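Me: I would like a careful look at a single part of the model below, with the cut-offs behind each term stated once.

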Amino acid sequence: MGRATIVRVVGLSALTLLLVMGGWGLFWSQSDRPFEVPAQDFHRFPGVSGPSHVTVVPPKVPTLWRTYGQGSGSRLAILLTDPDSCWLGLAHGLKSIGVPFRITRDVREALSHQAVLVYPMISGKVLNSEELQALAEFPKAGGTLIGVQVLGGGLNQVFGFREAVASRQRYDLTLAAADPLLAELTDPQERTLRIGVREKHLEVMGTYGYTDATTPLARFDDGTAAVTQVAHGRGRAYAIGVDLGFLLSKGYNNRGDELVRTYDNQFDPTLDVWLRLLKSIYRTAEERAVTLGTVPFGKSLSVMLTHDVDFTQSIKNAVVYAEYEKSQGVVGTYFIQVKYIRDYNDDIFFNDEGVRDLARLAELGMELGSHTIAHSKVFDQFPLGTGREAYPSYAPFVKSRRIALNASLLGELRVSKFLIDHFSGQTIVSFRPGELSNPFGLPQALLATGFRFSSTATANNSLTHLPYQLTYDRLTDSEVEVFEFPVTIEDEELPKLGDRLPQALELAGKLSRYGGLVVVLIHPNVLDHKLAFEKGFVEGVRPYAWFGSVGEFGRWWAARNQVQVDVARDSTGMRVTLTAPSSVAGLTIEVPNGWELARSGSSVRGLEQQGTILTVPELQGTHTFLLTPRAHVPDGRNVSTAGHRA
């Protein structure tokens, strides 16, 4: 290459670099430099300013496994072989599905339970020879042993395989055609589960396929076993080739791009199937298995009607939706964009007229929540902020779909909450961002600003139709006392919402089979087909659904999340002890088949039983009730316990 050519190449490279740097400089100068919003584009409420307090985001504190270390022998024991694993995702999943568990690192302690799950692996690297031998003998003595990632230690024969083969080329697994443990998993989406979507060409999580397994519960697409099962007399052994804690964490933290096939409006129970399988194994193995239901008052489906009010006409139309919901005895949740600035997105509608409509929504008994101020597509890229942002000095301005000025994460949360609280008389606790933009720091920012409940993700992105607890920075080791209620059905997909009622009712029916959650998101920008859809949906699911706002269900779920269940067996029956630190109404409990509520011996008033389902009208503190073997009539039919009260 000649000298002149080299000079030209170097010159062009330098010019390109300067242009790139200049472009970034322009972008950042636009993003960082305060932008003065013209007075005519800013609505000021005379005499209103705040909040005056400073928001401090708490530091990250890792959750200790000992937090979950208490409980009786009736619980599922989790033998934790590596604390530096995704055990917190597994713990949150078991709490969501209602399985009582206890975490221990002591093998002898774990083996005092009837059912033991070893996580995240079984190997000579994490267990010594005596511990491995004790695990090997456990199913032979009648216990149930579930091993996640059985990689060594000489237990291959116990779990029924020849070797564990690692791979990142497995994308699907299929459940066995007929097995009692899988009897409730009948939908095609429940029978084939994903590890990844091949067409996305993204790296998928590593799995272990077990070779030469004779009667596995599930097989990977390469023919190896994903879940083995072996009977040892009354005992059972299961080897699972998927790191369940890691998989659950991917869904709960919205970090499973390689797994997600659809955004919303579809049935995608990937995580729920795994949790239901663990629940089925536990209930089969443990005679004393008493689990918590997922829906209040014995219903089979939880429904939340939610509305994103983020358009000029929407806040007026919202009142019409609220009047309908009020007439039906339903409390909807209205996520309000606090739009006091005119910008790229829309005109001002959080003004004197808008706050009158806001007050009307509150008067109708609706729950109000925050839908941010800027409603920016790039909310997930906003800086954290100072925690001192206040109205009217906080002036976020959306310049384009990809540029927002003067904005911060804490500003969007604390200022929107302050203004909605101020003008509604409510203390709002629920949040949904514009365009479901989900910053990594959102969980702890919500906690710091007084929000307790989030509806930020979609069910299909989360791979679950159940609520779940959030973690700090959406990572794996520090839980935050904020719960996520993912969106199930929304109105922006084609065909239009009014034409999708049959599909929505079909989806709700599928979720009702295992106590799932339906969060409906309707933008009240129009009435017409959207209001018709809401009316049709309410009527269609009313016979089996519990309706509530995000705040109502959130408070119930948070209280349920603290409930502890322990069961003791004696000559008279099974004594169930419930401990509820916070008051919870309509707690649903599933008891073992063949057992009924005793007519006396309960410290809980108003208990009702319908089949295997008990409903507790009100619970707080520690209470007990007694279960006895169900009586039989001469022709062998069980005596019905419907409506039984104690």
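What follows is one connected description of the largest pocket and of the strands that can be traced from its lining.

Reply: This is a predicted model, in which local features need pLDDT of at least 70 and side-chain atom pairs count only at pLDDT 80 or more, while totals for chains, interfaces and linings use all residues. Residues are numbered from 1 along each chain as its sequence is written, and side-chain values use heavy atoms, with hydrogens and water left out.

The largest pocket has a volume of about 820 Å³, taken as the space filled by probe spheres set on grid points that are joined across faces, edges and corners. A pocket here is an open set of points on a 1 Å grid over the protein atoms alone, where a 1.4 Å probe fits, with protein on both sides within 12 Å along at least five of seven lines; a lining residue has an atom within 4 Å of a point. The lining counts 34 residues, and those nearest the centre of the largest pocket are Glu184, Lys279, Arg283, Arg513 and Glu590. Two elements give two or more residues to this lining, namely helix H8 (270-285) and strand S26 (573-590), where helices (H or I, at least four residues) and strands (E, at least two) are DSSP runs numbered from the N terminus. H8 supplies the largest share, 6 residues. By class, the lining of the largest pocket holds 14 nonpolar, 11 polar and 9 charged residues, with Ala, Val, Leu, Ile, Met, Phe, Trp, Tyr, Cys and Pro taken as nonpolar, Asp, Glu, Lys and Arg as charged, and the others, Gly among them, as polar.

From S26 the description passes to strand S29 (residues 613-629), since these two strands pair in the antiparallel sense over 13 bridges; pairing requires at least two bridges found by DSSP between the strands. Within this pair, Thr577 has Thr624 of S29 as its bridge partner.

S29 also takes part in other pairings. Strand S27 (residues 595-597) runs antiparallel to S29 and is joined to it by 3 bridges, and the partner of Trp595 in S29 is Pro629. Strand S28 (residues 608-610) is likewise antiparallel to S29, over 3 bridges, with Gln610 bridged to Ile613 of S29. S28 and S29 form a hairpin that leaves 2 residues between them, and in the turn Gly611 has a positive phi of about 65°.
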